[in-house]
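I opened the file to look up confidence, fold and domain contacts. My entries follow.

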Amino acid sequence: MKKITPILLILVIASLALTACAAPSAASGVNTPAQRQLTVTGNGKVNVAPDVAYINIGVHTEAASVGEALANNTRQSQQVSDALKVLGLTDQDIQTTAFNVYPQQNYGPQGEMLDIKYVVDNSVYVSVHDLTKLGQILDTVVKSGANNINGITFDISDRSAALSAARKAAVEDAQTQAQELADSAGAKLGEVQYINVSSYTQPYGTYSLKGDGGMAASSNVPVSAGQIQVVVDVNLTYLLK
Amino acid sequence: MKHKNYLIPGFVLVMLVSLVISASSLKGGGGGGGPAAQRTISVNGIGKVTMTPDIATINIGVHTENEDVAAALSDNNVKAQAVRDSLTAFGILPADIQTANFSVYQNQVYGPQGEMLGIKYIVDNTVYITVRDLAKMGEVLTTLVGNGANNIYGITFDVANRSAALKEARKAAVADAKAQADELAAITGVTLGEIISINTNTASTQPMYSDFGYGGGGGMMAAAPVPVSSGQLIVTVDAYLSYEIH
């Protein structure tokens with residue numbers, strides 16, 4: 001009795017000890033090693049001055065008769081269109097986005113219903129490639145009869161060079177981060193395992209940097225193109241040695 | 001004595017359990033390694049192709065009002081028929097004319113003090129048309145309004161057959177993705193292997209944004225007709241490519 005019990009105890013302790021050391025030895029990978037990896041995200045940003053602007057330019061007219069509303073609208077719209085051509089816009093830069101004709105109820109001072117009036121809207125969406133002319137264009141179209149203008153946006157017509165520079169900066173950022181992390185963790189960087197890229201653009205404040213946007217002469221509408229930021233994220237996964 | 005009989009099986013059980021645990025943890029640890037994972041590079045290329053629209057769609061409506069529903073209707077019928085006739089005269093085919101709305105309803109008429117004065121009837125007859133000769137678009141609109149159309153909305157330009165543009169955009173998207181992969185491989189010092197996966201995605205076409213100004217002219221009209229410009233459309237294709245890397 002008293003002899004068997006210690007033997008059993010020893011066996012139990014031995015098997016528990018085996019359990020304890022089994023886990024670490026498996027993790028260190030004696031036969032088939034688990035991959036040790038380091039993943040970082042690098043970010044590259046490049047600011048570019050826009051070289052194209054988009055804007056909606058509309059003519060809105062109202063009259064008691066639909067014929068009169070249309071005739072007025074057509075005359076003013078034609079003047080706007082002619083002005084755009086004179087200022088260097090081509091057919092490709094102008095697209096009709098709205099041509100609407102609709103009746104609208106007129107109300108009197110007490111809210112009573114009066115006659116019907118007709119409304120005609122003719123709007124074009126234009127691309128302006130010479131931003132130095134943008135202020136002059138806006139000023140001229142309003143004087144030519146445009147009375148409904150909205151939605152100005154700036155863009156870069158060819159962003160491939162900026163994207164390329166941003167990708168390079170993003171990879172360098174990721175590589176620097178990976179080296180830093182490996183050094184501080186006392187590990188060595190191995191081969192790159194995965195590379196993923198994604199990119200997007202965002203407007204960048206007009207107050208910053210070079211500011212070579214299309215600020216127009218003071219007699220025209222002042223407009224500023226500011227900058228657009230091209231952003232690239234790169235995910236790099238390294239093997240650790 | 002009886003005490004011992006329970007004790008020994010108890011110890012044996014504990015032993016067995018702990019051995020099973022150690023065995024399973026060994027197995028689990030070994031499974032973590034597995035075959036070497038594939039090294040990859042994933043890029044997203046974009047291809048854009050500018051198209052010059054060759055068709056336009058628009059809603060053309062006749063709206064009439066009268067205290068008498070029959071009078072509102074007959075007034076509307078005369079004008080709607082005149083609109084239909086001028087569409088035909090412009091060579092617009094029956095297949096390109098579809099009635100989008102025919103509504104008859106009454107509106108309460110109110111006086112200066114908010115009192116109800118009576119009812120008026122409203123008739124709307126609207127057709128959705130496709131214009132395939134954009135050079136005539138402005139003239140069509142002017143003539144239709146002259147013949148009684150007084151409720152017009154929703155002009156949209158489109159390209160009837162965009163398969164060639166889509167093909168070109170797909171090609172450009174893959175080329176862009178490949179160029180990006182080459183660039184990244186050079187920067188990171190890896191070598192591109194086989195393509196593992198290709199996915200493409202066609203974004204909806206958007207108006208204009210003429211990145212490069214080629215293509216035919218839009219249909220800007222001369223003096224009298226409504227000025228209408230078809231501008232340009234852009235078709236965009238995204239290509240997602242994964243390469244094996246060495």
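I took helices (H or I, at least four residues) and strands (E, at least two) as DSSP runs, numbered from the N terminus. On that basis I found four helices and seven strands in chain A. Along the sequence, chain A reads α-β-β-α-β-β-α-β-α-β-β.

This is a predicted model, in which local features need pLDDT of at least 70 and side-chain atom pairs count only at pLDDT 80 or more, while totals for chains, interfaces and linings use all residues. Residues are numbered from 1 along each chain as its sequence is written, and chains are lettered from A in the order in which they are written.

I looked up burial next, where buried means 20 or more other C-beta atoms within 10 Å of a residue's own, with C-beta atoms placed from the backbone. Of the 241 residues of chain A, 34% count as buried.

For confidence I used pLDDT, the predictor's value for each residue, from 0 to 100. Chain B has a mean pLDDT of 82, with 77% of its residues at 70 or more. Helix 1 (residues 2–31) of chain B has the lowest confidence, a mean of 47, and helix 2 (residues 69–89) of chain B the highest, at 97. I noted the model scores as ipTM 0.71 and pTM 0.73.

Last, I checked the domains of chain B, whose bounds come from an automatic or database domain assignment. Domain 1 covers 40–52 + 162–245 and domain 2 covers 63–158. Ten residues from domain 1 of chain B and eight residues from domain 2 of chain B make the contact, counted where C-beta atoms, placed from the backbone, lie within 7 Å.

Terms used: Two residues are in contact if their C-beta atoms, placed from the backbone, lie within 7 Å. A residue is buried if 20 or more other C-beta atoms lie within 10 Å of its own, exposed if 12 or fewer, and partly exposed in between; C-beta atoms are placed from the backbone.
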